[in-house]
Amino acid sequence: MTKDEQRAPLSRDRAIAVAIRLADEGGIDSLTMRKLAKELQVEAMSLYYHVPNKDDILDGMVDSVFSQIGLPAADTPWKKGMRDRAHSARNVLNLHPWAVSLMDSRTSPGPGTLAHHNAVLGCLREGGFSVAMAAHAFSLLDAYIFGFVLQDTNLPFESPEELQALADSIMETFPVEAFPHMYELTIEHVLKPGYNYGDEFDYGLELILDGLEVRLSTAKS
């Protein structure tokens, strides 16, 4: 427990902050009410005085994560607003990768969640999107952002050296002639100096935004 956490009085906000730290350190599956109470240095009954159950903790954790994502101002052009929000969401979710599986699963959204959704939809509506098209765009962008974070955080390598070792192991196991396109991709792209899988995010995001822009102009014509 940090010194700030020790000094803070027991409250729902403090319990949620500590729960987020525990999930960041050990994953969401490792979080239990007993473990949380122990980390807070209180008895379980004291914790339940402030939070009724684990669902309330999870709701608060998700709401906190949504609150950390930067939102477009009301007068921001929709394309810039969605681009900036996508980058912010990716950065926040990289800090809290456990949140990806929970973001859209809670049935009691808090003010941070509602403010987030309202701002994103508002930016799209001000940009000329119909209600239905705004819903489509929101869903598409979230599917891309959440999916990319999930894929990126689960890659079996972190450094260029680990990537090289993995590629060498795979290429030694399977004959090149059996999988020529995979070999070509590995040699001519993945193993090039400066390669970073995370750079793919911007390429895919711009494709989505360009596609939405075309669909929007078509709908207006």
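## Basis

This is a predicted model, in which local features need pLDDT of at least 70 and side-chain atom pairs count only at pLDDT 80 or more, whereas totals for chains, interfaces and linings use all residues. Residues are numbered from 1 along each chain as its sequence is written, and side-chain values use heavy atoms, with hydrogens and water left out.

## Helix α7 against α8

Helix α7 (residues 111–126) and helix α8 (residues 131–153) have axes that come within 9 Å and cross at roughly 120°; helices here are DSSP runs of H or I with at least four residues, numbered from the N terminus, and axes are lines fitted to C-alpha atoms over the stretch in contact, with angles from 0 to 180 degrees between N-to-C directions. The two helices are therefore oblique to each other, a class left over once angles under 35 degrees (roughly parallel), over 145 (roughly antiparallel) and 65 to 115 (roughly perpendicular) are set aside.

On the α7 side, the contact (heavy atoms within 4.5 Å) is made by His116, His117, Val120, Leu121, Leu124 and Arg125, and on the α8 side by Val131, Ala134, Ala137 and Phe138. By class, this contact has seven nonpolar, two polar and one charged residues, where Ala, Val, Leu, Ile, Met, Phe, Trp, Tyr, Cys and Pro count as nonpolar, Asp, Glu, Lys and Arg as charged, and the others, Gly among them, as polar.

## Helix α5 against α7

The axes of helix α5 (residues 54–68) and α7 come within 7 Å and cross at roughly 40°, so this pair is also oblique. Val62, Asp63, Phe66 and Ser67 of α5 meet Pro111, Gly112, Thr113, His116 and His117 of α7, a contact with three nonpolar, five polar and one charged residues.

## Pockets

A pocket is an open set of points on a 1 Å grid over the protein atoms alone, where a 1.4 Å probe fits, with protein on both sides within 12 Å along at least five of seven lines; lining residues have an atom within 4 Å of a point. The largest pocket holds about 430 Å³, and of its 18 lining residues the closest to the centre are Ala167, Ile170, Met182, Leu185 and Thr186. Its lining divides into 17 nonpolar, one polar and no charged residues.

The second largest pocket has a volume of about 360 Å³, and Phe157, Glu158, Ser159, Pro160 and Asn196 are the closest to its centre among 19 lining residues. Its lining has nine nonpolar, seven polar and three charged residues.

Definitions and conventions: Grid points are joined across faces, edges and corners, and a volume is the space filled by probe spheres set on the points.
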